[in-house]
Each structure stands twice: as C-alpha cells, then as structure tokens.
Amino acid sequence: MLEALVQMGHAGHPVESVLHVGANEGQERNDYAASGASPVLYVEPVDSAFAILQANLADMPFHKAIRAVCAERAGEAVLFNVASNGGQSSSLFALGAHAEHHPDIVYTGAQRMVTTTVDQIIAEHNRGRVPNLLVIDAQGADLRVLQGARQSLPAVDGVYIEVSEQPLYEGGCTYQEITDFLATFDLSPRWLSMDRWGHGEAFYSRPRREVAPLPAYSDNLALNKPATQSSFGEWSYFHTAQGPGGAVNGALTGQFGFHTDFEDKPWWQVDLEAAQPLNEVRIFNRMDSGRERSRTLQVLLSRDGETWDLVHDQVGQTFGGATTKPLRVMLNGVPARYVRLQLTEHTAFHLDQVQVF
C-alpha cells in the first residue's frame, strides 16, 4: 500500500478523494482504487506521460487525467522542462543539485504551457468537494503548488509531498518552507523519509476532526419496515447481512446490512407503508471495505411505487458511515411512501443502514 494511504490511516483520516499533482503515468492508481477513494484526479503536464496516464485510467471510472502544470497563480505562460527518465524529474526549474546527484538524468526538451492552480482544478473538475488527500510531486515547485491551494487546504486532511533539506532544483523550496506554510492551515509533519542527500517525502495532517453529533429525530420511519432489493447473491444472507431488511433493523455495524449480487444498476428500496412528508434520508455506508461501490448512488421517491422522482445523485463521490459522516439527503417535507436507492454502474450494492425521518 502507498505510504500516503498508510499515513492517512495512522492519522485517523479515511481517504475520501485524492488529488495527485505530478502523477506521471498513474503508477499509484491501483492503490488509490483499493483505498475506496472516489473520485481521484491525476494532474500531469508532460505530453508523453499524460498519454500513458490516460490509457491507464481508461477502464477506471471516476479516475480522471488532467493535463496541466500547477503553480501559485493561474494564467502565466511558462516553459516546462521535460526530463529523460520518462518525465519523472520534469520541472519548472533548472536541474541544479539534481544534476549532481543524478548525472544520468538530463532535460531533453521543454513544453510551452500556461499555469493553473490546485484551487482552479478542484473548481473545474470536482466542484463542491475538496479531496481530503493531496499528493504533490512537483520536482522543486511543491511550495508553489501549495500556494495555489490556499482556498482548498482548510478542507484537506493530509498532504503527502516531496521535500528537501536544501533546494534540489534551482529556485526550489525546502522542507522547512513547506512545513512553515502548512502550519498556517493546521497541517503538521507526521512522517518523514529522506535519503543521504536530504531529499525525500513527508506527510502532513491535521488533528482528527471530531464528528459532530447527528440531529436527533423522534421516529425513524424506515425502522423494520418492508424492504426489497433487485437481486440476491451469496452475500445477501451472509455475516452481518439479513436480506433487504438488514438495512432497516437499526443495528449500525460499519459493515453491510444488505448486499445484492453483481449486476447492472442494482437497487434497494423500503416501503414506509403510507405516504407522508419526509425531512431527511440518512444513509450509512459500509466502512470495512468496498465503500466506493456506492459512489453513483441515487435517491428516488415515490407515492405509488410506479412513478419515481430523483431527489439526489452522488455523481461519483464516496461518503461515510457509522464512524464518519453518513450521507444526509434533505427533503423539506416532500411526501412519499417509497424510498429507493440505486446505483448506475455494474457492481454489487451494499450499505450499512438507511434511516428516514
């Protein structure tokens, strides 16, 4: 498992979504997918590496390649230097000490590009949700990348970043400069690994956020009400699963209360037995594994079980459960008898609990 993901676990932060700046060919993609993070944004400026990155992500929904060079300001024309090692040492800066430590690596050309920022990438490609893990490998320009993330950093839980005691590239930054900058956002150093030249990686995180108590209602309208699901498989009555009713039995386990088979657009629904005004549907994801399978969840309501109204679409974003923040869909008194949850992918559908108020 990637060190960035390991350190997020040690810090007590579930990995929800990732932005990786300097992703090269997406070598970490399978680890990100295994972590349950969704979406994952990969930023890579080098043309040749970006083409491979796109191909590597072609069959990975909600893993997106973005060709860009990040800096502290957007809209500046720059020459981006391309390195001979598959683009991995490419940088905005001249090689400097890097050439002394790695004489076999040279620049073979340069690309004319216009800078963007982390804040702008998030606004354009993941509006409304800041990835809670930033991975930055900007070859000396790492501080400039962070300076372009000022709006996003207050919502970030962890930063895994390349660091150096002394600048590795001409005009590059130091470990202390990065540490001082991140301290202003309550992000402190938690892990550090350096080689004999004083170059390596560091992980910064904020203290674990306390989960605010959920508002209390007098009655869960879905508790022990009749439920159905689109299919049954070997897991549907296995371990903590109790068929479709396992999601409305009131037992929060952090695991799965119901489980469908693998199929196209699986669904689950509950019958409240009478149409009534609804204020909120509260959905607790499975947290032990496979939580990314609920990333395309849609919530639909019906009075008669025939005509359905879409009231929420998760559009590729993971969400929490018993140990973090569940998904809360606010309804403001919309009348309904049936609540259906469905996915838009070919996958298995499983959740911990569903509450309706």
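**Exercise 1.** In this predicted model, how do the residues of the lining of the second largest cavity divide into nonpolar, polar and charged?

*Solution.* Start with the list: Pro14, Glu16, Arg129, Met287, Arg291, Thr318, Phe319, Gly320 and Thr324 line that cavity. Next, sort them, remembering that Gly goes with the polar residues here. You end up with three nonpolar, three polar and three charged residues. As for the space inside, the second largest cavity holds about 40 Å³.

**Exercise 2.** Now find the largest cavity and work out which strand gives the most to its lining.

*Solution.* First, the search: over the whole structure, two cavities of 30 Å³ or more turn up. The largest has a volume of about 70 Å³. Strand 8, spanning residues 158–164, gives the most, with three residues. By type, the lining splits into four nonpolar, two polar and two charged residues.

**Exercise 3.** Take Ser205: is it buried or exposed, and which side chain does its own side chain join in a polar contact?

*Solution.* Locate Ser205 in strand 10, which covers residues 199–205. Its relative accessibility is 1%, so it counts as buried, the cut-off being under 20%. For the polar contact, look at Arg190: the two side chains are joined at 3.1 Å. Finally, skip the neighbours within four places in sequence and list what else Ser205 meets: Ala11, His13, Asp157, Gly158, Asp186, Leu187 and Ser188 are among its contacts, along with Arg190.

**Exercise 4.** Do the accessibility check for Gln355: buried or exposed?

*Solution.* Gln355 sits in strand 19, residues 350–356. With 16% relative accessibility, Gln355 counts as buried because the limit is under 20%. To see what is around Gln355, leave out residues up to four places away in sequence; that gives Asn220, Glu280, Val281, Arg282 and Phe284 as its contacts.

**Exercise 5.** Which residues does Leu310 touch, not counting those up to four places away in sequence, and how far apart in space are Leu310 and Asp59?

*Solution.* Go to strand 16, residues 309–313, where Leu310 has its place. With those sequence neighbours set aside, Leu310 touches Gln298, Val299 and Leu300. Then take the C-alpha to C-alpha distance to Asp59: 27 Å in space, for a pair 251 residues apart in sequence.

Methods
Residues numbered from 1 in each chain as written. Predicted model: local features only at pLDDT ≥ 70, side-chain atom pairs only at ≥ 80, totals over all residues. Heavy atoms only, no water. 1 Å grid on protein atoms, 1.4 Å probe; cavity = no way out; pocket = protein on both sides within 12 Å on 5 of 7 lines; lining within 4 Å. Points joined across faces, edges and corners; volume = space filled by probe spheres on them. Helix = DSSP H or I, 4+ residues; strand = E, 2+ residues; numbered from the N terminus. Contact = heavy atoms within 4.5 Å. Buried < 20%, exposed > 50% of the residue type's maximum accessible area, 1.4 Å probe, protein only. Polar contact = N/O pair within 3.5 Å; in protein donor to acceptor, adjacent residues only side chain to side chain.
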